[in-house]
Structure formats: C-alpha cells, structure tokens
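Here are my notes on this one, as numbered points. Have the structure open while you go through them.

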Amino acid sequence: MTDAAFATAAQVLAQHGATSPIDCAIVLGTGLGGLVDQLDDAIRIPYAAIPGFPTGAVSGHARQVCIGKLEGRTVLIFQGRAHYYEGGDAAVMRVPLGMLSALGSPPLILTNAAGSLKPEMPPGSMAVIADHINFNGPNPLVGDGGDGRFVPMVGAYDPKLRAALKAAASAERLSLGEGVYMWFSGPSFETPAEIRMAQVMGADLVGMSTVPEVILARRHGIRVAGLSVVTNMGAGLHGGAPHHGETKDVASAAAADLARLLRAFLRGL
Ligand code: HPA
C-alpha cells in the first residue's frame, strides 16, 4: 500500500526536526499519555499539523506526535488515537500507520484501556494481547487494492515482541497477564449479555480500539505488540459497571506502571 500521503506526513515530521531512524513507535491510549513527559529532547507536532492525520478529540486523549529519546532509543509516540466510533471509519488511522512505513517500519506497541473478563486480570493490571477477535466487523483494508490486502493474521501480535514485554515485566516485577482482545465498536459500553457472549467466544479483554491499527500495521509489514491496561471488569461481571470517568481515572493511575514496563522494554531493544 503506497500512498503519497504517507511520505508527505513523514516529510512534515522531518520539517519539524524529527530525527530518524525511529527505534520504536508507541500509540498511547486513553489516560496513558503521560509517558510523553519522560521523553528527552522531545518535539511535539499536533495531529492537526500533519495532512491526513485524524482530527477531533476524545477527553483523556491529547492528539500529537512526540518524538524524543527514552532509555537512549529514539521513540515516536502517537499521543492519542482516533477511534472507529468517532465517524464510522475503520481506516481513520491509515495515514499515521502509513507514515510509520515511510519512516522505516519501526516496531509498534499499541496500548489501550480495556475491560477484563478474567478475575486474574483485575482493574489496574496490565495484559499483553495474544490475538484478537474483530467482533465489530469493519476492516480498515476494505477498498484497498492488490493482493497485499489479503494480510495474513497468524502471529499478527509479534511473538518476539510479546516475549520481550514479558521479560521487561518480570525484570520490573510487574504482573502482566495475556489474553485475546475483542473489538467492540463503542462508544456505548457492552451490555452484560454481550460480555457473557464475549466470554463464550474466547475473549479475555474487550475494548474499542487497537484491532484496526494492528490490521493496518500488518498491511505494511510493521511488527506489532498490544498492551492493555485493565480499567474495569466487563459489564455485569463482579464489580463491572464501566463508564468513561473510570476508564480515564484507572488508566491514569496505572500509567506509571505502563511507563516502567515500556522503559524496561526499550532498554532491551
Ligand atoms: N469495554 C470497552 N472498552 C473499554 C472498556 C470496556 O469495558 N474499558 C475500557 N475500554
């Protein structure tokens, strides 16, 4: 998938003084943006300044690209993502991910806030995504051309990156669960009946993001890992009555652990 918009976006970054090569890219989800404050020599570019990047806002998400140094690595952070539920476009993150391919396809860590279906992954804990279920349905590659659109999804969540995240978690003595993430469209949360269905279908985590970004990234051959910060139990489970205020509050409280995990991961890169 080549597109002039990808190179143009990469050029805008270069014009703002972005250094390359990028060692790792990270998407920070709801309430998890604080890591950008730890970047050294950071440059910040609002999405609005990059052609093709999503506009709009969700509270808990600033929207900017930040590039700087963390643990001696050059890191590009997408602070805040756009979601399917904002306008019904599964490909809303097409240009940001295409830009990564124009920047040499660094490994990508996608973070999100998620609901948990497993008592052993309680609110405040973290989990690495092993696989996903696109229950929402729409695919960001609909309308894409050529044979490259038939993207294999076995091993989409890169086994080596997953192992590296687990090693980083044990080095930091952080507990890290693992599970299958099921994509719901949002923006309403699931009903208790939908959560029971998700359990029967093999999901461990539920959320409103990440899946289309993984598909887009794999279209470009970018290696990806997904990390969920559990902000609540799924609707109707013990203690599960999710709402956005809780998502933001619990994610913000867990952001320090996420930062420790990502820093340890970067040290090992
Ligand atoms: N469901 C969907 N998305 C979410 C949840 C949830 O329970 N928690 C955080 N994001």
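1. One cut-off before we start: a polar contact here is a pair of N or O atoms within 3.5 Å. Thr 231 makes it under that limit, with a polar side-chain atom 3.4 Å from a nitrogen atom of the ligand. Bear in mind throughout that this is a predicted model.

2. As for cover, the ligand has 260 Å² of accessible area on its own, and the protein covers 96% of that.

3. Where does the ligand sit? The space it takes is the largest pocket.

4. Which strands build the shell?

5. Follow the chain on from β5 and you get to Ser 125, in the loop between β5 and β6 (126–133). Is Ser 125 buried or exposed? Its relative accessibility is 11%, and the cut-off for buried is under 20%, so Ser 125 counts as buried. A polar atom of the Ser 125 side chain also lies 2.7 Å from the backbone oxygen of Pro 122.

6. Please have a look at the cis peptide bonds. One runs from Ser 20 to Pro 21, with omega near 0 degrees; Pro 21 is in the loop between α1 (4–15) and β1 (24–28). Another runs from Gly 186 to Pro 187, again with omega near 0 degrees. Pro 187 belongs to the loop between β7 (176–183) and α4 (192–200).

7. Stay in that loop for a moment, as Ser 188 is also found between β7 and α4. With a relative accessibility of 57%, Ser 188 counts as exposed, since the cut-off for that is over 50%. What is the C-alpha to C-alpha distance from Ser 188 to His 244? The two are 9.6 Å apart in space, while 56 residues separate them in sequence.

8. Then there are some positive phi values to check. Asp 41 is not a glycine, yet its phi is positive, near 50 degrees. Asp 41 lies in strand β2 (residues 40–46), and its relative accessible area of 68% makes it exposed.

9. Glu 71 also has a positive phi without being glycine, near 55 degrees. Where is Glu 71 found? It is in the loop between β3 (64–70) and β4 (73–79). How accessible is Glu 71? At 26% relative accessibility, it falls between the cut-offs of 20% and 50%, so Glu 71 counts as partly exposed.

Definitions and conventions:
Residues numbered from 1 in each chain as written. Predicted model: local features only at pLDDT ≥ 70, side-chain atom pairs only at ≥ 80, totals over all residues. Heavy atoms only, no water. Polar contact = N/O pair within 3.5 Å; in protein donor to acceptor, adjacent residues only side chain to side chain. Areas by Shrake-Rupley, 256 points an atom, 1.4 Å probe, with all protein chains shown as cover. 1 Å grid on protein atoms, 1.4 Å probe; cavity = no way out; pocket = protein on both sides within 12 Å on 5 of 7 lines; lining within 4 Å. Sits in = over half its atoms within 2 Å of the grid points. Helix = DSSP H or I, 4+ residues; strand = E, 2+ residues; numbered from the N terminus. Buried < 20%, exposed > 50% of the residue type's maximum accessible area, 1.4 Å probe, protein only.
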